[in-house]
Amino acid sequence: MTQTPSTGSKDEPSPGRGLLFTPGFVDAHIHPDKTTWGSGWLSRSPAHTLTDLIGNDLKAQLEFQDSVEDRAFALMSHAVLNGTMAMRAHVDVAPQIGLRNIHGVRAAAERLAPFLDVQVVAFPQFGLLSNPGTLDLMEASLADGADLVGGIDPESVDGDLHGHLDVIYALANKHGRDLDIHLHDVGAEGLAQLRLIAKRTVIEGMQGRVTIGHGFALCDASQPALGFTLDAMAEAGIWMATCALGADPVPDLDLLEKHGVKVAVGSDGVRDAWSPFGTGSMLDRAHLLGYRTGASTDAELERCFRLASSAGAELVGSAAVRSFTGSSSPDRLEFAANSIPELVVDRPAPLRVVRGGGAVTLDG
Ligand SMILES: [Zn+2]
């Protein structure tokens, strides 16, 4: 990160603030197809279980008046203006909605192509084996806009741990795609599933190409199996994408680092049926991760920034973020701030988002 005095341009920072140059952000886990961003307020029904939330989600999606493309574009363009340069979008695939979410998010991504790299995960939100027809649609989506194969709680949501893993690994291998699996299950059962996924990843030769979204079981330090589960994940090169959401558990970042498990950060759902919260800003997300994990030292706050930026860039392969070297980098963010720790706490909007040497504007 480079710091220089103000240049005296119209973007001059406030008195006492320097001009801070940083790499762009990467949102490692977001659901732009579900958002209501730019579409008015959605009042949410009570939900007490994951099944309730999934039911509310489908109902809301079937009732939306604005298209997937319009809603996704509204959220993704807001993220771009707040410094996101790449994202991994989990996009629902199911017979109830066909491939329209994949097509909508891909169309929005094409409109933002100069500024934003988008990986699309074909995500079986409403079940895979338990929702007949989904597997065929997931395979079709891989030729029609999706990049990765997704999965969801093989046991608690889909009801067939081994069957679910069999089909998603087979699909990923057949088409040479990476895997990104939502796993909300907690406790010893959740950890056992993670070890099974780690073992399967090594057997299939997919080391470094599998990500676990949420992985709440990894956030419970009271579990005796946590240490050797983390070791198994590190050996398989499995990433964890965490989202630092309000009531959900967060990982002990020191512990994951000690065991060699790589972590990136994402927004998860933004103003959708799951949650009224979220902004799509990864600086907000770095702040929330710091807040939720009790970050206080500069090193801890800098780590939150890094997980929302260069770590995510390693996961999704973003050259624009990884090539950042300082104030003359063609892809950079400029903030009125004196340091990264201060930035993470204050979370100002960027003064400028620079891509390919030019300031990003989305007018017209
Ligand atoms: Zn998710």
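Which residue's side chain meets that of Lys-59 in a salt bridge? The partner is Glu-63, with 3.5 Å from N to O, where a salt bridge means a side-chain nitrogen of Lys or Arg within 4 Å of a carboxyl oxygen of Asp or Glu.

## About the model

This is a predicted model, in which local features need pLDDT of at least 70 and side-chain atom pairs count only at pLDDT 80 or more, while totals for chains, interfaces and linings use all residues. Residues are numbered from 1 along each chain as its sequence is written, and side-chain values use heavy atoms, with hydrogens and water left out.

## Salt bridges

The count of salt bridges comes to 17. Lys-59 and Glu-63 are separated by about one helical turn, because they stand four residues apart in helix H1 (residues 50-63); helices (H or I, at least four residues) and strands (E, at least two) are DSSP runs, numbered from the N terminus. Glu-63 counts as partly exposed at 48% relative accessibility, given that buried means under 20% relative accessible area, exposed over 50%, and partly exposed in between (1.4 Å probe, protein chains only). Another salt bridge links Glu-204 with Arg-200, whose closest N and O atoms are 2.9 Å apart, and Glu-204 is partly exposed, at 26% relative accessibility.

Asp-331 and Arg-355 also meet through their side chains in a salt bridge, at 2.9 Å from N to O. Asp-331 lies in the loop between helix H12 (319-322) and strand S11 (332-336), whereas Arg-355 belongs to strand S12 (residues 352-355), so this pair ties together parts that are 24 residues apart in sequence. Asp-331 is buried at 13% relative accessibility, and Arg-355 is buried with a relative accessible area of 13%.

Strand S3 (residues 25-30) is largely enclosed by the rest of the structure, because six of its six residues are buried. S3 pairs in the parallel sense with strand S4 (residues 84-92) over four bridges, pairing being assigned if DSSP finds at least two bridges between two strands. Within this pairing, Phe-25 has Thr-84 of S4 as its bridge partner.

The zinc ion is coordinated at 2.1 to 2.3 Å by His-29 (NE2), His-31 (NE2), His-182 (NE2) and Asp-268 (OD), and of these donor residues both His-29 and His-31 are buried. Donors are N, O and S atoms within 2.8 Å of the metal (3.2 Å for Na, K and Ca), and sites may look incomplete because water is not among the atoms. The spacing of the donor residues in sequence is H-x1-H-x150-H-x85-D.

Helix H2 (residues 68-81) has 14 residues and reaches 20 Å from its first C-alpha to its last, close to the 20 Å expected at 1.5 Å a residue, the expected span being 1.5 Å times one less than the number of residues. Its buried residues include Val-68, Arg-71 and Leu-75, and what covers the buried residues of H2 includes S3, S4 and S12. Just after H2, Gly-83 takes a positive phi of about 105 degrees.

Helix H5 (residues 161-175) has 15 residues and reaches 22 Å between its first and last C-alpha, close to the 21 Å expected at 1.5 Å a residue. Among its buried residues are Leu-161, His-164 and Tyr-169, and H5 is followed by Gly-176, whose phi is positive, near 65 degrees.

Note on methods:
Contact means heavy atoms within 4.5 Å.
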